[in-house]
Amino acid sequence: MSMTDPIADYLTRIRNALQAGHKMVDIPASNMKKQMTQILYDYKFIKNYIIIEDGKQGIIRIFLKYVPATGKPVIHELKRVSKPGRRFYVDVQGLPRVKNNMGIAILSTSKGIMTERQARRERVGGEVLCYIW
């Protein structure tokens, strides 16, 4: 079965695992998902992740992060912006700020997958994939 929106599936799997209170979640791997997961790790939204090679496309195992005192997830919301039916592109001047820079926007640019902060430094625009805060 082919999937029409693998990025939405990626975000939904993480969102569902957080709501259920799971310690980890397994997601089918792709290069874009690996880069997005690395961004989540770099910005400390997740504890860690590993890539499991299964002889096919591979699996990304993401270890989710919760606030120690309350047990609430570090990620409050994951929002898909650009969808297959309606793509959302921005130039350098239109790069979004998520929750007054408390969150991040992940973009697909000509220089690869990056956050809006990196895109501002690189002076490139692109397709806004999702918001995370």
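Biologist: Why does Asn100 count as exposed?

Modeller: The relative accessibility of Asn100 is 71%, and because exposed means over 50% relative accessible area, with buried under 20% and partly exposed in between (1.4 Å probe, protein chains only), Asn100 counts as exposed. This is a predicted model, in which local features need pLDDT of at least 70 and side-chain atom pairs count only at pLDDT 80 or more, while totals for chains, interfaces and linings use all residues. Residues are numbered from 1 along each chain as its sequence is written, and side-chain values use heavy atoms, with hydrogens and water left out.

Biologist: What makes Arg123 exposed?

Modeller: Its relative accessible area is 57%, and exposed means over 50%, so Arg123 is exposed. Arg123 belongs to the loop between helix 3 (116-122) and strand 8, and its phi, near 60°, is positive in a residue other than glycine.

Biologist: How do you know that strand 1 and strand 3 pair?

Modeller: Two strands pair if DSSP finds at least two bridges between them; strand 1 (residues 24-28) and strand 3 (residues 59-64) have five bridges, in the antiparallel sense, so by that definition they pair. Strand 2 and strand 3, which run antiparallel, are joined by six bridges, and Ile50 has Arg61 as its bridge partner in strand 3.

Biologist: Why is one side of strand 1 and of strand 2 left without a neighbour in the sheet?

Modeller: The open sheet of three strands has the order 1-3-2, and strand 1 and strand 2 stand at the edges with a single partner strand each, so one side of each has no neighbour in the sheet.

Biologist: What makes a set of residues a nonpolar core, and which residues touch the most other members of the largest one?

Modeller: A nonpolar core is a set of buried Ala, Val, Leu, Ile, Met, Phe, Trp, Tyr and Cys residues joined through side-chain atoms within 4.5 Å. The largest has 26 residues, of which Tyr10, Ile14, Met36, Ile62, Ile106 and Ile132 touch the most other members. Helix 1 gives the largest share of this core, six residues.

How values were computed: Helices (H or I, at least four residues) and strands (E, at least two) are DSSP runs, numbered from the N terminus.
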